[in-house]
Amino acid sequence: MRLTLVRRLNTLSKDLFKIHPSLAGGSSRTEAVVALESTVITHGMPYPQNLKLALSMEAIITEHGARPATIAVMDGKVSVGLNEEELSDLAKSKSCRKVSRRDLSDTLSKGLHGGTTVAATMLLAHRAGISVFATGGIGGVHRDGENSLDISADLTELGRTPVAVVCAGAKSILDIPRTLEFLETQGVCVATIGDTSDFPSFFSRKSGHHSPCHVANVQKAAELIHIQNRLNLQTGILFAVPIPQEDEIPNDQVEEWLQVALKEADSHDVRGRDITPFLLKRLTELSNGRTLTANLALLRNNAKVGAQIAVALKKLQD
Ligand code: PSU
Ligand code: MN
């Protein structure tokens, strides 16, 4: 079988991957593809909302003229592009691992299932030749990160892997200024899309912190990726798309729920890879589902924007 997308897979790594037939095959014409992560499915939200979300993000990407490629580890293989049954298995699984870069080889060697984080999804997308990736929120420098050194591997991955990640900014469960500083150190171009000077904070359109760069629209975003590729920079790009206005929750309100959740995390000694899933779950409960509804809305919006960027980029590359 001739792999059109998987141009970087050499014979050594080929049998570690399982590529969905829609993404691999005889056609020499490569299409615009958008990668999607799977930690958001396995650890980011409850069933059945997670499955509905995964399916609707894929449908939105298709509607906008690109192909979706959800990436996960299934039975010890990297799956690029999942079918409905596989998505459903992931969404229902209670034993799935959260797999970041450091966990990949271990999860594969044990033949397990895993939801891939932004970091792991980026590097696997890159191996498969996919350069645009849509998600909700990235990991960052946690509050008190200057002491705990809890800094997500998503940030170092953005510094070393040339994939453009479309997100809704960094969640206020993180330390946003330190996250932006760290991204600068890693040489990552952080660009907010649209008419705003603020870097968005996931549930809110503004964070109170300036965005380092701006692009006016998806066409300009694609041009930025194209220039970065031609410069052969080998670093990622972080595009931030503010949550749609009708879905946003004011920062003050999120902060109230967050203070409660952070105290609980501290008293239960929740740390490391468990902290983000714990805080997300508690925010959903404390807000009576409002944060979950906002999360779903921004993820769908980012799927659309990701597809539009991928299509525009494909035109520039042709
Ligand atoms: N933020 C969210 N939802 C998520 C995550 C972050 O709003 O599901 C997930 C993403 O997969 C991200 C990961 O890559 O958490 C970061 O985890 P950590 O901070 O442990 O690296
Ligand atoms: Mn961490």
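Which helix gives the most to the shell around ligand 1? The legends below take up this question and a few others, using a predicted model.

**View 1. The shell around ligand 1.** H1 gives the most, with four residues. At least two residues each come from helix H1 (39-44), helix H7 (153-158) and H11. The ligand is surrounded by 19 residues, and the closest are Thr39, Gly44, Val118, Gly137 and Gly139.

**View 2. A cis peptide bond at Pro48.** Look here for the bond joining Tyr47 and Pro48, which is cis, with omega at about 10°. Pro48 sits in the loop between H1 and helix H2 (49-63).

**View 3. Helix H10 and its partner.** H10 spans residues 251-267, and its 17 residues reach 24 Å from first C-alpha to last, close to the 24 Å expected. Val254, Trp257, Leu258, Ala261 and Leu262 are its buried residues, and these pack against helix H11 (275-286). Just after H10 comes Asp269, with a positive phi of about 55°.

**View 4. Asp75 in a loop between strands.** Asp75 lies between strand S3 (67-74) and strand S4 (77-80). Although not a glycine, Asp75 has a positive phi of about 50°. Asp75 is exposed, because 12 other C-beta atoms lie within 10 Å and the cut-off for exposed is 12 or fewer.

View 5. Gln234 is found between helix H9 (218-230) and strand S11 (237-240). Its phi is positive, near 65°. Gln234 has 13 C-beta neighbours inside 10 Å, so this residue counts as partly exposed.

Terms used. Residues are numbered from 1 along each chain as its sequence is written. Chains are lettered from A and ligands numbered from 1 in the order in which they are written. This is a predicted model: local features need pLDDT of at least 70, side-chain atom pairs count only at pLDDT 80 or more; totals for chains, interfaces and linings use all residues. The expected span of a helix is 1.5 Å times one less than its number of residues. A residue is buried if 20 or more other C-beta atoms lie within 10 Å of its own, exposed if 12 or fewer, and partly exposed in between; C-beta atoms are placed from the backbone. Two residues are in contact if their C-beta atoms, placed from the backbone, lie within 7 Å. A residue is near a molecule or strand if its C-beta atom, placed from the backbone, lies within 6 Å of it.
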